[in-house]
Amino acid sequence: MRRAVCPGSFDPVTNGHLDIISRANRLYDEVIVAVLVNQSKAGLFTVDERIEMLREVTASYPNVRVESFQGLLVDFCKASDCSVVVKGLRAVSDFDYELQMAQMNLELAGVETLFMTTNPLYSFLSSSLIKDVAKWGGDVSAHVPEVVVARLRQRLADEAGEAGEPGGARGGSEAGGAGGVT
Ligand code: PNS
């Protein structure tokens with residue numbers, strides 16, 4: 001069986017990620033979307049939440065499964081009986097680091113990395129940018145699946161509530177700042 005891993009943080013999944021996953025799905029018998037568990041970096045969403053969102057938005061692809069991994073990607077690949085990683089390349093700025101990782105993964109375990117050029121529609125998208133735009137009330141609905149828009153809205157409202165910001169659950173009136181996504 002020809003199998004590929006699409007690894008990442010996916011905090012949260014964007015339309016750019018989804019584009020790469022769906023194109024990889026056309027090329028391989030099975031695609032494993034592997035969500036990194038990064039103990040040293042707290043995300044906006046827990047790994048379980050990221051997995052839930054990914055499962056929901058890839059539900060129509062029967063050959064895609066979503067899992068998490070800790071440690072080296074090459075060890076996850078080996079345990080999954082897979083020797084190909086598929087990654088999207090958005091711009092030249094992605095290339096240096098991606099090349100280093102790809103060469104290291106090849107050197108460590110013979111795991112090949114295939115780069116897919118990102119659809120120009122999504123070349124400016126990143127999870128960090130999405131979170132920043134959403135945090136300040138910008139509309140991200142064209143760039144992430146609907147389920148992610150809803151989760152972002154909820155999470156940011158919860159956080160505003162905890163901070164006592166206007167409109168938040170605790171309804172404070174002094175702090176300015178984060179609005180929900182539209
Ligand atoms: O979405 P991201 O954060 O750009 O994904 C990066 C990821 C998860 C692909 C990369 O950090 C990774 O593979 N981490 C696992 C640890 C590892 O294998 N490190 C050595 C890479 S050569």
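Helices here are DSSP runs of H or I with at least four residues, strands are E runs of at least two, and both are numbered from the N terminus. This is a predicted model, where local features need pLDDT of at least 70, side-chain atom pairs count only at pLDDT 80 or more, and totals for chains, interfaces and linings use all residues. Residues are numbered from 1 along each chain as its sequence is written, and side-chain values use heavy atoms, with hydrogens and water left out.

**View 1. The shell around the ligand.** β1 (3–8) and α4 (92–109) each put at least two residues into the shell, and α4 gives the largest share, three residues. Among the residues around the ligand are Pro7, Gly8, Lys87, Met101, Met104 and Asn105; to count, a residue needs a heavy atom within 4 Å.

View 2. A polar side-chain atom of Ser9 lies 2.6 Å from a ligand oxygen. For Leu73, a polar backbone atom is 2.8 Å from an oxygen of the ligand. The protein covers 71% of the 550 Å² of accessible area that the ligand has on its own (Shrake-Rupley method, 1.4 Å probe).

View 3. Most residues other than glycine have a negative phi, and most peptide bonds are trans. In the loop between β1 and α1 (15–27) sits Pro12, and the Asp11 to Pro12 peptide bond is cis, with omega near 0°. Phe10 has a positive phi of about 50° and is buried at 4% relative accessible area (buried is under 20%, exposed over 50%, with a 1.4 Å probe and protein chains only). Asp81, in the loop between α3 (73–79) and β4 (84–89), has a positive phi near 55° and is exposed at 61%.

Methods
A polar contact is a pair of N or O atoms within 3.5 Å; within protein, one must be able to donate a hydrogen and the other to accept it, and residues adjacent in sequence count only if both atoms are side-chain atoms.
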